[in-house]
Amino acid sequence: MTANKIRTLDMVSDSSGMDDFTAIKKVKNSEDSDTSSDNVDEDGNKLTKMARAFKTIIECLGEDSGREGLESTPMRAAKALQFFTKGYCQTVESVVGEGIFNEDTESDMVVVRNIDIHSLCEHHMVPFSGKVHIAYIPNGKILGLSKLARIADVFSRRLQVQERLTRQIAQAIMDSISPKGVGVVLEATHMCMVMRGVEKQGASTVTSTVLGSFKDDKQTRAEFFNLINCTK
Ligand SMILES: [Zn+2]
């Protein structure tokens, strides 16, 4: 493949907050309205259990879980952790929704750079954050550009390792629109490394996955990596 026409997009910081999660849960509940009260109960039970566990942790640290500043912390921490792992309540299908379009752009490379991701390392349950760069060459179908960020979110908002996260994002795009190829590069800083002094502040880990023509065609792959490296 020669000189792919390239469309790039830089993502502005993802501003999705708690409200986004609430909205997702509302949609989820209204979809299966028969069981919505069960879901709320189940959700409440899980939060209560998590809060109890956080209270235990606080006490094991040697703190007084009853003191004013910590009184509401167990439930607050439980809700925060539930938000940080909201990807378990989502599927690629649910976030992509209607965002697939037929488009005759078969030789174009679509590149979306600098999508913010925040995840939790599954070994320490401590955050890792960074930027993901996604590219694909359509095969008659394209994804709404914001959907790439939503797909990244589905997998990053779980307990993860960076390698698997990178692969899952690439595979999800492959499964959604069967493009000719996909490339995903993820650069992230792991707080479990930074805070323990294993990694210097600012050092990052880079992982990549290439599928289809990005894997088979050296020139396409080179073009992709060149684009990611040269245009930060
Ligand atoms: Zn870790």
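Helices (H or I, at least four residues) and strands (E, at least two) are DSSP runs, numbered from the N terminus. A residue is buried if 20 or more other C-beta atoms lie within 10 Å of its own, exposed if 12 or fewer, and partly exposed in between, with C-beta atoms placed from the backbone. This is a predicted model, in which local features need pLDDT of at least 70 and side-chain atom pairs count only at pLDDT 80 or more, while totals for chains, interfaces and linings use all residues. Residues are numbered from 1 along each chain as its sequence is written.

**Chain and confidence**

- The chain contains nine helices and eight strands.
- Of its 232 residues, 28% are buried.
- Contacts (C-beta atoms, placed from the backbone, within 7 Å) between residues at least 6 apart in sequence join residues at least 24 apart in 75% of cases.
- The mean pLDDT (the predictor's confidence in each residue, from 0 to 100) is 86 for the chain, and 82% of its residues reach 70 or more.
- Residues 13–33 have pLDDT below 50, and beyond near neighbours in sequence this stretch makes 13 contacts in the model.

**Largest nonpolar core**

- A nonpolar core is a set of buried Ala, Val, Leu, Ile, Met, Phe, Trp, Tyr and Cys residues joined through C-beta atoms within 7 Å.
- The largest such core has 36 residues, and Ile134, Ala152, Ile169 and Ile173 are the members that touch the most others.
- At least two residues of this core come from each of strand 3 (108–121), strand 4 (127–137), strand 5 (141–143), helix 5 (145–156), helix 6 (162–177), strand 7 (181–190) and helix 9 (218–230).
- Leaving aside residues up to four places away in sequence, Ile173 touches Ile134, Tyr136, Leu143, Ile151, Pro179 and Val182.
- In soluble globular proteins, nonpolar side chains tend to be buried together.

- Helix 5 is mostly covered, with ten of its twelve residues buried.
- These buried residues are Lys147, Leu148, Ala149, Arg150, Ile151, Ala152, Asp153, Val154, Phe155 and Ser156.
- The expected span of a helix is 1.5 Å times one less than its number of residues.
- For the 16 residues of helix 6 the expectation is 22 Å, in agreement with a separation of 23 Å between the end C-alpha atoms.
- In helix 6, the buried positions are Gln162, Leu165, Thr166, Gln168, Ile169, Ala170, Ala172, Ile173, Ser176 and Ile177.

**Strand pairing**

- Two strands pair if DSSP finds at least two bridges between them.
- Strand 3 and strand 4 are antiparallel and share nine bridges; within this pairing, Ile115 is bridged to Val132 of strand 4.
- The two strands form a hairpin with five residues between them, and Met125 in the turn takes a positive phi of about 55 degrees.
- Strand 4 also pairs with strand 7 in the antiparallel sense, over ten bridges. Partners in strand 7 include Thr189 for Ser129 and Glu187 for Lys131.
- Strand 7 pairs in turn with strand 8 (residues 205–212), antiparallel and over eight bridges; Gly181 has Gly212 of strand 8 as its bridge partner.
- Strand 4 is mostly covered, as eight of its eleven residues are buried. Strand 7 is likewise mostly covered, with eight of its ten residues buried.

**Positive phi at residues other than glycine**

- Asn114 is not a glycine, yet its phi is positive at about 60 degrees. Asn114 lies in strand 3 and is partly exposed, with 18 other C-beta atoms within 10 Å.
- Ser178, also a residue other than glycine, has a positive phi near 40 degrees.
- Ser178 counts as exposed because it has 12 C-beta neighbours inside 10 Å.

Methods: Two residues are in contact if their C-beta atoms, placed from the backbone, lie within 7 Å.
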